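Try each task before you read its solution.

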Amino acid sequence: MQRLEVGLRDGDVVVEGTAVRPGWKVGELSAVFRGSGVEVRVPASGLETFSARLSLDELRHRSVPGDDVADLWLHPVPTAGGAASRRGTAEAPAPVRLGNFRSTTRVDVARSSGAGAADDRLAVTQNGNLSVLLGGAPARKFLIDVDGLRLGADGVALRLRVRGADRGARAARLVAASRETGRRYDFDVPLEEMPDESRRDRGRFVHRGALALPVSALVTRLDARDETLDLSVEVEDPEGRVQARRIGTRAHPVVLRPGRAVVGGVVTQLLPYETFRGSNVSVRVERTSPEADAYLRRWTRLAWILPLVRPFLGIWLIGELPYKAQDNGYHLFRWLREHEPRRRAYYVVAEDAPDRARLDGLGNVVLHGSREHVRVAFLASRIAGTHHAEYLLPSRHPAVVARVRAVRVFLRHGISGTKNMTANYGRFAPGFATDRFHVSSDRERRVAVDAFGYRPAQVRVTGLPRFDHLLAPLDRDPEGLLVIPTWREWLGNRDRFLDSEYRARWQEFLGHPRLARAMRDGLRVTFILHPNMRHYVDLFDVEGVRVLQQGEVDVQTLLREHAGLVTDYSSVAFDFALQRRPVLYFQFDQARFFGDQGSFLDLDADLPGTIVTDVDRLVEEVETTAADGFAMPEEHWARAQRSVRYHDRHNCERAAESVRTAGGPRVLWWRWTDRRWSDRKAPGNGGAS
């Protein structure tokens with residue numbers, strides 16, 4: 001197969017090409033409908049160079065509803081006087097699919113007349129062959145390749161290739177979507193047709209585009225509430241249909257470096273990173289004053305000398321997410337201030353955090369990003385947090401992360417629950433690093449060593465500091481139903497969340513007529529979203545249901561005050577069950593939630609509650625549980641007890657001792673060997689953080 005020209009012209013499929021095979025020529029062209037098998041044939045003229053015309057009106061007439069895709073075939077016949085015709089006995093070769101010529105040119109398309117003609121088009125299949133799409137045949141997806149993405153001090157540089165099977169692209173754009181506000185920032189990527197590449201690519205429509213965007217051009221458009229941006233590419237076809245694709249690091253050449261711009265007297269840093277599960281590119285947005293930025297930079301430059309003084313200062317930096325003070329970090333810090341007041345332990349919290357008032361009177365509280373926070377972070381010998389240690393730093397800039405050398409202790413923010421979290425918190429998980437890993441049970445310890453990959457010496461069974469308060473005597477009996485669903489990583493922006501099955505199912509439950517009747521009869525229902533979805537709480541408004549914002553009431557208080565719990569996969573179910581109270585699991589999306597990774601638990605044998613998958617059954621279980629006075633089945637109580645090793649209120653004490661003993665020379669050896677292993681496994685993307 002040498003050369004092919006193909007297109008739609010004057011109501012026909014027009015084909016002209018050169019196919020060299022001694023003794024044979026192309027005798028006919030045919031179109032075969034995929035659904036019905038109906039075949040339409042027309043003669044082809046010429047020898048080595050052949051041509052044929054296939055009427056679109058004839059194809060539409062012969063098609064049946066639903067058979068709107070016809071594959072094109074060539075039918076070879078012997079040439080007159082050729083060896084095959086002289087013998088008279090040779091059988092003609094089998095028909096061959098039209099396509100995969102060395103050079104394929106798409107000739108100008110002139111729209112034919114007739115019903116549905118405006119939608120008739122030629123398409124290149126995945127294997128490089130040609131088909132005719134009639135009438136309402138669905139548009140084929142574009143092949144979108146990010147040939148290069150560079151984020152850094154100079155801004156964003158993007159190179160793009162778009163290939164269309166049945167049509168060209170009209171426009172392309174880079175999209176930065178905010179998780180917090182739902183806003184999107186579009187930047188047009190000019191496209192250029194590439195006819196030479198199209199001919200080499202089996203006749204696909206090929207466009208290339210490039211974009212150079214200064215950091216300031218993005219920063220000036222951001223909302224002050226934007227903290228995380230997800231990057232994607234959108235391609236629009238001539239009919240206005242849009243196809244989007246997240247920019248990933250696995251298949252695309254990507255270089256990620258921090259970018260920085262000073263706009264309106266504010267220093268804004270763009271810190272790109274690779275998401276832990278999808279390996280997609282997202283960007284953290286950090287803002288500070290020029291004075292604070294200069295102060296941070298000075299400490300970063302001087303950090304090389306701090307190992308000489310750090311061990312003698314004994315500073316611990318403790319915290320959770322910057323806007324929180326209610327989980328294991330808070331309870332450990334409070335215990336330290338009450339029982340070891342001379343210890344130089346500090347808690348970091350955002351200035352506008354709803355939980356900040358809970359720290360009043362404890363002392364040693366530093367505001368996130370302040371000069372004191374910078375000083376304490378660089379001088380600390382221990383950093384103990386419930387999430388990634390970087391949340392407790394004054395900046396997540398790679399230079400700051402690398403130069404804050406404190407021993408990291410992972411306090412955890414829950415018992416290892418239903419989901420396999422190796423990709424989040426494994427020893428070699430991207431963007432996560434810890435020197436000591438706390439767990440609550442021997443089962444968790446085995447998982448941390450065998451599945452997460454931690455050394456046995458790195459894992460300590462301490463229990464969670466918040467259990468000390470959770471299991472304290474109550475002032476009054478619990479009442480009502482608490483509803484706490486966990487998050488979904490695929491619902492990272494407001495539009496996806498708004499149209500999601502997740503929102504629809506929980507809204508259906510909260511608004512169920514039988515639940516409404518139970519509330520009229522006195523059942524109190526409280527609903528609160530996971531912190532990662534806190535920006536979407538306004539999308540739930542159900543009469544009679546108390547809908548809470550994160551930080552309005554701390555989760556520990558909610559767990560203690562309520563008599564029953566409904567969740568889906570959240571580890572708070574174990575906390576609740578340890579109070580000997582009933583748990584209901586609403587798991588309507590098990591297959592998608594667990595994916596290929598599955599769970600470390602036997603859900604039916606290990607979870608301390610009843611699992612349901614449909615709303616009506618969930619409401620029925622709520623009614624039954626409430627009628628029984630929120631009594632917990634004995635089997636579920638036995639499962640809850642197996643989830644912890646220690647059944648006491650000395651968890652803070654054990655956690656504090658573990659933090660104290662977490663250092664030593666072996667930590668440096670562990671870090672060195674882990675870094676060598678990571679360097680060997682890294683894809684070489686230029687420093688993604």
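The exercises below cover aromatic rings, charges over rings and a strand hairpin in this predicted model.

**Exercise 1.** Classify the ring pair of Phe497 and Phe540, and find which parts of the chain the pair ties together.

*Solution.* 
- Start with the geometry: the centres are 6.0 Å apart, and the planes make an angle of 75°.
- Pairing needs centres within 6.5 Å, and planes over 60 degrees apart count as edge-to-face. This pair is therefore edge-to-face.
- Now locate the residues. Phe497 lies in helix 13, and Phe540 lies in the loop between strand 31 and strand 32, so the pair ties together parts 43 residues apart in sequence.

**Exercise 2.** Find the rings that lie under Arg167 and Arg343.

*Solution.* 
- The charged end of Arg167 sits over the ring of Phe142, 4.4 Å from the ring centre.
- Arg343 lies over the face of Trp316, at 4.2 Å from the ring centre.

**Exercise 3.** Describe how strand 3 and strand 4 pair, then sort the residues of strand 4 by face.

*Solution.* 
- Strand 3 (residues 24-33) pairs with strand 4 in the antiparallel sense, over five bridges.
- Leu29 has Val42 of strand 4 as its bridge partner.
- Five residues lie between the strands of this hairpin, where Gly37 takes a positive phi near 80°.
- On strand 4 (residues 39-43), Val40 and Val42 form the covered face. Glu39, Arg41 and Pro43 form the uncovered face.

Methods
Residues are numbered from 1 along each chain as its sequence is written. This is a predicted model: local features need pLDDT of at least 70, side-chain atom pairs count only at pLDDT 80 or more; totals for chains, interfaces and linings use all residues. Side-chain values use heavy atoms; hydrogens and water are left out. Rings of Phe, Tyr and Trp (its six-membered ring) pair if their centres lie within 6.5 Å; planes under 30 degrees apart count as stacked, over 60 as edge-to-face and the rest as tilted. Helices (H or I, at least four residues) and strands (E, at least two) are DSSP runs, numbered from the N terminus. A charge sits over a ring if NZ of Lys or CZ of Arg is within 6 Å of the ring centre and within 35 degrees of the ring normal. Buried means under 20% relative accessible area, exposed over 50%, partly exposed in between (1.4 Å probe, protein chains only). Two strands pair if DSSP finds at least two bridges between them.
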